Amino acid sequence: MLINSDAFVLKSRKYNEADSLLVLFSRKMGRISAVAKGSRRAKSQMLAGIQPFCYSHFLLYQGRSMYTVNQVDTLKTFYPLRENYRRLTYASYLVELVEIEITEEQSHPQLFNLFGKALSLLSEETTEIETLIRSFELHYMTACGYEPNLFHCGHCQKRDEKKWYFSHPQGGLVCSHCYSKEQDALRISERGLKLARYLQMKSLPDVQHLKIHPRLNEELQQINKAYLLYHTGRRQFKSLRLLPRVDELMSIPPSRNHDKQSEAESQTHRLTEEVKFDTFNKDEDKTIGNEQEE
Ligand SMILES: [Zn+2]
């Protein structure tokens, strides 16, 4: 049976000598694992459209045990994502979150549109990357069915409060009175809460140029991360683990010390390659149709 669908390439890795194994997020059918036969040959017409993050139109043949790619038309490559370490890392983070949520044979239009919009904005030079990611996280929670409650205490329903906390099991705010019932609740400042509400209410393009103070970003990042880890059952997000090292390297100011600069550049380059390798080649899939989540 032949199927056609637009899809994002989440992962692409070598499979046999000349083939690639793809993990796709398709508009019509959610997650699809497919083999692109002959795609690693130099003259393959498919190569451009099966790169990670590409948005392409696929014609797939559904065999008894697997899908094979018959034809690919590239719609959008999101090329700038591969040229900058931070963008690449965050694009990999979006892929990691999306992969946790999607399942085979089940479309997820809300997440599909959100993911496409986020990749597109992340490729734009002028986008405030941290703002975009905080916003994506909040919209992702909504798309996955666990939108945090940011307006009243989850225990006593109180709305008027000076000192708020955020509780993961409670799914959002708890007041200072009910706080003692929640073990791992995190303090959320008034400004932090205002920002979270704003990002939750606005679309990604609305906030793409919004600058957030680093301290405020850090506060919301910690709250989002803890909430996402709680709901996804993960201990860490693999895609983000190298970020602090490169942030450190990139913070070396331009100076006459060329050695230090070029060392930083070459280390950044190496880390970029490491992220690419980790995200694109080391797949958890051992067998097609028999995916094992770690
Ligand atoms: Zn309360």
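A residue is called buried if 20 or more other C-beta atoms lie within 10 Å of its own, exposed if 12 or fewer do, and partly exposed in between, with C-beta atoms placed from the backbone. By this count, buried residues make up 34% of the 294 residues in the chain. The model is a predicted one, in which local features need pLDDT of at least 70 and side-chain atom pairs count only at pLDDT 80 or more, while totals for chains, interfaces and linings use all residues. Residues are numbered from 1 along each chain as its sequence is written.

**Overall content**

The chain has 8 helices and 8 strands. Helices (H or I, at least four residues) and strands (E, at least two) are DSSP runs, numbered from the N terminus. Two residues are in contact if their C-beta atoms, placed from the backbone, lie within 7 Å. Of the contacts in the chain with a separation of 6 or more, 56% are between residues 24 or more positions apart.

**The barrel**

Strands of a sheet pair through backbone hydrogen bonds, either parallel or antiparallel. Here two strands are taken to pair if DSSP finds at least two bridges between them. In the order β1-β2-β3-β5-β4, 5 strands close into a barrel with mixed pairing. From one strand to the next the twist averages 50°. Angles run from 0 to 180 degrees between N-to-C directions, and axes are lines fitted to C-alpha atoms, for helices over the stretch in contact.

Strand β1 covers residues 2-15, and strand β4 covers residues 55-62. These two strands run antiparallel and are joined by 7 bridges; D6 stands opposite H57 in β4. Strand β4 is also joined to β5 by 8 bridges, again with an antiparallel run, and L59 stands opposite Q71 in β5. The hairpin from β4 to β5 passes through 4 residues. Strands β3 (residues 30-36) and β5 (residues 67-76) pair in the parallel sense over 2 bridges, with Y67 in β5 as the bridge partner of A34.

L2 lies in β1. It counts as exposed because it has 9 C-beta neighbours inside 10 Å. Leaving aside neighbours within four places in sequence, L2 is in contact with L59, Y61 and N70. L2 and N70 are 68 residues apart along the chain, and their C-alpha atoms are separated by 8.7 Å.

**The open sheet**

Another group of 3 strands forms an open sheet in the order β7-β6-β8, with antiparallel pairing. Its edge strands are β7 (172-175) and β8 (186-188), each of which pairs on one side only. The twist averages 45° from one strand to the next.

Y165 has V174 in β7 as its bridge partner. Both faces of β6 are covered: W164 and F166 on one side, and Y165 and S167 on the other, are all buried. The hairpin of β6 and β7 has 4 residues between the strands, and in it G171 takes a positive phi near 80°.

**Helix packing**

Two packed helices are described by the angle between their axes and the distance between the axes. For the class of an angle, under 35 degrees counts as roughly parallel, over 145 as roughly antiparallel, 65 to 115 as roughly perpendicular and the rest as oblique.

Helix α1 (residues 85-101) and helix α2 (residues 109-122) have axes that come within 10 Å and cross at roughly 175°. The two are therefore roughly antiparallel to each other. Their contact is made by R87, Y90, A91, L94, V98 and E101 of α1 and L111, F115, A118, L119 and L122 of α2.

Helix α3 (residues 129-143) packs with helix α6 (residues 214-232) at an angle of about 30°, and their axes are 10 Å apart. Helices α3 and α6 are therefore roughly parallel to each other. In α3, the residues E130, R134, E137, L138 and M141 meet N217, L220, Q221, N224, Y227 and L228 in α6.
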